Amino acid sequence: MTTSPPRPPRSRGPRIGLLGSYGGYNIGDEAILQCVLGCLRSHRPRARLIVFSRDAEHTRAHQPAADEVVDWEGVPQKQVTDVLAGLDLLVLGGGGILYDGEARRYLKLVRAAQVRGVRTFAYAVGAGPLRERDDREAVRTVLADMDEVVVRDQESRLVLEEVGVERDLVVTADPALLLPPEPFTAEMMRQEGVPANARLVGMSVREPGRAAEKLDEGDYHALLADVADFLVRRLDAHVVFMPMERHDVRHAHAVLSRMTAPDRGRILHSAYTPGQVLGLMSHLDLVVGMRLHFLIFAAVSGLPVLPLPYAGKVFDFARRLGAPALVGVAREQVGLLLAEVDRLWDEFPQRRVDLTARVRDLRELASETCARCGALLDAMDRDAQGRGGSDQLHQGPAGRETSDRTDQRDTGAGGIDPLEQGGTGGAGREGVRPVDPVDPAGPVAGPGAPGPHGLRLLGAGPGDGTVTSHGAGQEA
């Protein structure tokens, strides 16, 4: 008689789903996913972490902390909802996912989880622009019933309040501030053709797209070429263009082709992990750029940073960093921009201490999101024990604990199917102490208060210089 091999013991931890713009499309999004997975694992080492991905094959290959990966685009809806029904908690985000054309798609899955009694948590999400009626309605109705909504910046809170979200919104910071670096070796530098023992300036260029609809390609390509040429002359530097997603490569080539010294520029072409891109920052002396997570990586690495804001999320980060920022990215501002780059370089030693403190504060806020998610998991454990005396959350669809907070209301709006839904949702938890889910990336330093020259410089106060253009978008 033959016997079947013994089955592995079932995990005693909860089943937690993560839903966001995951699947290798953007280094910033992948950095966020890595940090959120690390946070959840730190709170529940035995949890089963299930990532809903736009490219499951990529996520399986590059996110080893995920226990299971599920495609959610281009597949029958029942396959996805069956997985949702087996969860204890669905984590939305982080990153900029609540914007026109996309918000309703993500929130339809969140609503499907809510109607099945699954708890839901928004993890430092970014919002905007939100002008389309269906997306606005989806945001209003679904966020109202989430257990907690944490946003990553003041800009996102303003966007959600303008849409009509009437609930507590906790503001923290981007999860990628906690990303641990990985080595970017001398051999990698050699393979990319980046000279050793040279002064290096990092530059980030992005495509216009929905997140930067008002950018004129020729205008900002010429502006960045002027800045790159200035840095070559002023600092005797080489410029390293660092694509954060595949479309950035074409625009980096466009800038390089406009430079008067194109031989002093290099574009990275190989694929790197988020940690390796962060590690590359240790080789640089200064950065100028557009992509939010490029700027985050530079700030965490203690570099002088000059943001080129194309959207509200970049303005907000510049303000919190105490960095100078242009109002938009336009060729006519080249003189002001070059003057500020010059000043930033000269005054970097004096600005270092201020940036160190600002980045430390931002990292503590990023840790607070993790602590709040952990506090929700603790509350779920207490609820489960109070109902059934169990010392664990459900072990799968057959034995799952269901929520007792359901009533019936026909939503129908926002592209969301009419569903039974949860109650009024949880308000933001106060007094949760932050924890750091990963080891600090090391000492940081950089620029402090911005200077004159007629630029719009963003102050450090909680409401100073806040941009209400609702310009965040596709990138995380």
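## Largest pocket

The largest pocket has a volume of about 600 Å³. A pocket here is an open set of points on a 1 Å grid over the protein atoms alone, where a 1.4 Å probe fits, with protein on both sides within 12 Å along at least five of seven lines. Its volume is the space filled by probe spheres set on the points. This is a predicted model: local features need pLDDT of at least 70, side-chain atom pairs count only at pLDDT 80 or more, and totals for linings use all residues. Residues are numbered from 1 along each chain, and side-chain values use heavy atoms, without hydrogens and water.

The lining comprises 27 residues, each with an atom within 4 Å of a point. Gly24, Ile27, His58, Ala271 and Tyr272 lie nearest the centre of the largest pocket. Helices α1 (27-43), α2 (56-62) and α10 (274-280) each give two or more residues to the lining; helices are DSSP runs (H or I) of at least four residues, and strands (E) of at least two.

## Parallel sheet

Five strands form an open sheet in the order β10-β9-β8-β11-β12, with parallel pairing; strands pair if DSSP finds at least two bridges between them. At the edges are β10 (265-267) and β12 (305-307), each pairing on one side only.

Strands β8 (residues 200-204) and β11 (residues 286-289) are joined by 4 bridges. In this pair, Val201 stands opposite Leu286 in β11.

## Helix contact

Phe317, Arg319, Arg320 and Leu321 in α12 meet Leu355, Arg358, Val359, Leu362 and Leu365 in α14, where contact means heavy atoms within 4.5 Å.
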